[in-house]
Amino acid sequence: MAMVDTTSAYTPRLAYQAVSFVYNVITNIQLWNESRKTVRVLEKLTDRELNDIGLNRGDIYNFVRTGSF
């Protein structure tokens, strides 16, 4: 009869990798959603309001993606 070693040193590492993967997926979804909401708010502003904060319509996506002008 064959025996299976369940006390492998790799088990905690695999668990860490799985938890880390799920955490990264959730974090990326949250960041994407925040960016999406920011773009929606900025797109609702008038051209004059955008100009007051130093943006124009063409800068919105680049600003949200990079966080700078």
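This briefing describes the fold, surface and side-chain contacts of one protein chain.

The structure is a predicted model. Its secondary structure comprises three helices and zero strands, in the order α-α-α along the sequence. The 69-residue chain has 9% of its residues counted as buried, and the search for aromatic pairs across the whole structure returns zero. Two salt bridges are present.

**Confidence**
- The mean pLDDT of the protein chain is 88, and 84% of the residues score at least 70.
- Among the elements, helix α2 (residues 47-52) has the highest mean pLDDT, at 95, while helix α3 (residues 60-66) has the lowest, at 90.
- Where pLDDT is low, the predicted coordinates should not be read in detail.

**Surface**
- The accessible surface of the chain amounts to about 6,200 Å², with 61% of that area belonging to carbon and sulfur atoms.
- Phe21, Val22, Val25, Ile26, Ile29 and Trp32 form a nonpolar surface patch of about 620 Å².

- Trp32, a member of the nonpolar patch, is located in helix α1 (residues 10-44).
- The charged end of Arg36 sits over the ring of Trp32, at 5.6 Å from the ring centre.

**Val39 and Tyr61**
- Val39 also has its place in helix α1.
- With a relative accessible area of 11%, Val39 falls under the 20% limit and is therefore buried.
- The C-alpha atoms of Val39 and Tyr61 are 6.9 Å apart, although 22 residues separate the two along the chain.

- Side chains of opposite charge can pair when their charged atoms come close.

**Salt bridge between Arg57 and Asp47**
- The side chains of Arg57 and Asp47 meet in a salt bridge with an N to O distance of 2.9 Å.
- This pair links distant parts of the chain, 10 residues apart: Arg57 is in the loop between α2 and α3, whereas Asp47 is in helix α2.
- Arg57 is partly exposed, at a relative accessible area of 38%, whereas Asp47 counts as exposed, at 52% relative accessibility.

Note on methods. Residues are numbered from 1 along each chain as its sequence is written. This is a predicted model: local features need pLDDT of at least 70, side-chain atom pairs count only at pLDDT 80 or more; totals for chains, interfaces and linings use all residues. Side-chain values use heavy atoms; hydrogens and water are left out. Patches are made of residues with over 30% relative accessible area and no salt bridge: like charges are joined within 9 Å, nonpolar side chains (Val, Leu, Ile, Met, Phe, Trp, Tyr) within 5 Å. Accessible areas come from the Shrake-Rupley method with a 1.4 Å probe; for residues, only the protein chains shown count as cover. A salt bridge is a side-chain nitrogen of Lys or Arg within 4 Å of a carboxyl oxygen of Asp or Glu. Helices (H or I, at least four residues) and strands (E, at least two) are DSSP runs, numbered from the N terminus. pLDDT is the predictor's confidence in each residue, from 0 to 100. Buried means under 20% relative accessible area, exposed over 50%, partly exposed in between (1.4 Å probe, protein chains only). Rings of Phe, Tyr and Trp (its six-membered ring) pair if their centres lie within 6.5 Å; planes under 30 degrees apart count as stacked, over 60 as edge-to-face and the rest as tilted. A charge sits over a ring if NZ of Lys or CZ of Arg is within 6 Å of the ring centre and within 35 degrees of the ring normal.
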